[in-house]
Amino acid sequence: MEISFYNQWVDNGADFAEGVAYYTIHGDNDTLKALFTKGDNYYNRMKLRAELQNLKVAVAPKEPAVTEIPEDFKTFRVPVKRINPDLLPDVLKTEYYKLGPLINQIRFLHAKLDTENEEQRCAYALKIVENSSIRRSIFNKIDEYLATGKLPIVEEKPTPVAVQDLSVYQLKEELLLLRSRRSKLKKRLDRSADYESVLARICLIEKEMEKYV
């Protein structure tokens, strides 16, 4: 009996790399193929699952590998590591305080991934991947210092972190909505006051966003 690759993939643990390799061969969306190569994260995994589920290629079933988990491992928990920024040198304190804005951006963008606009969703996902990579890089620098006592080599050029205020993403989203509303109101002569109000708000947002360019 033949089953779908998706069912077999899920039964065998839904290995991300295996799923990406399969989609690279059988999928037809080059944008998603490029996105999946950015790595395993929540959005990429959920999107990959959805795409694999839609593929109608049947495969021969195989027996999943069974590995018994030792009893002591079942109760194992990775301890949470706390970082005291006061104990870090100035150069790493600067890096550490970039983490808050980065994490806030990642959370904000995650909440926007259910948008119906595929292009916008991919843009959000790529930004999440970029910010996650920068966040990991900062933690790696701090971990290395705490383990070895050696200061990292920090480039003079500032890290291209989006240490932008979280509001820039909110402004961008509001701007998209306002432009759509502007197009609709432009045809409504009976709502000229609303149209002017929307235009004024668009101008204010565009001026505010100039500081982030």
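Visitor: What makes Ala14 count as buried?

Guide: In this predicted model, Ala14 has a relative accessible area of 7%. The cut-off for buried is under 20%, so Ala14 is buried.

Visitor: Where does Ala14 lie, and what is its phi?

Guide: Ala14 lies in the loop between helix H1 (5-11) and helix H2 (16-26). Its phi is near 55°, a positive value in a residue other than glycine.

Visitor: Speaking of H8, why is H7 called roughly antiparallel to H8?

Guide: Helix H7 (residues 99-110) packs against helix H8 (residues 118-148) at an angle of about 155°, and their axes are 9 Å apart. Angles over 145 degrees count as roughly antiparallel, so H7 gets that label against H8. As for handedness, the crossing of H7 and H8 is left-handed.

Visitor: Which residues make that contact?

Guide: From H7 there are Leu99, Leu102 and Ile103, among others; the H8 side includes Tyr124, Ile128, Asn131, Ile134 and Ile138. The residues of the contact divide into 10 nonpolar, 4 polar and 2 charged.

Visitor: Which residues of H8 are buried?

Guide: Among them are Tyr124, Ile128, Asn131, Ile134 and Ile138, and the list also includes Arg121 and Lys141.

Visitor: How do you know that the span of H8 agrees with what it should be?

Guide: Take 1.5 Å a residue: the 31 residues of H8 should span 45 Å. The end C-alpha atoms of H8 are 45 Å apart, so the two agree.

Terms used
Residues are numbered from 1 along each chain as its sequence is written. This is a predicted model: local features need pLDDT of at least 70, side-chain atom pairs count only at pLDDT 80 or more; totals for chains, interfaces and linings use all residues. Side-chain values use heavy atoms; hydrogens and water are left out. Axes are lines fitted to C-alpha atoms, for helices over the stretch in contact, and angles run from 0 to 180 degrees between N-to-C directions. Helices (H or I, at least four residues) and strands (E, at least two) are DSSP runs, numbered from the N terminus. Angles under 35 degrees count as roughly parallel, over 145 as roughly antiparallel, 65 to 115 as roughly perpendicular and the rest as oblique. A crossing is left-handed if the near helix is turned anticlockwise from the far one by less than a right angle, and right-handed if clockwise. Contact means heavy atoms within 4.5 Å. Ala, Val, Leu, Ile, Met, Phe, Trp, Tyr, Cys and Pro count as nonpolar, Asp, Glu, Lys and Arg as charged, and the others, Gly among them, as polar. The expected span of a helix is 1.5 Å times one less than its number of residues. Buried means under 20% relative accessible area, exposed over 50%, partly exposed in between (1.4 Å probe, protein chains only).
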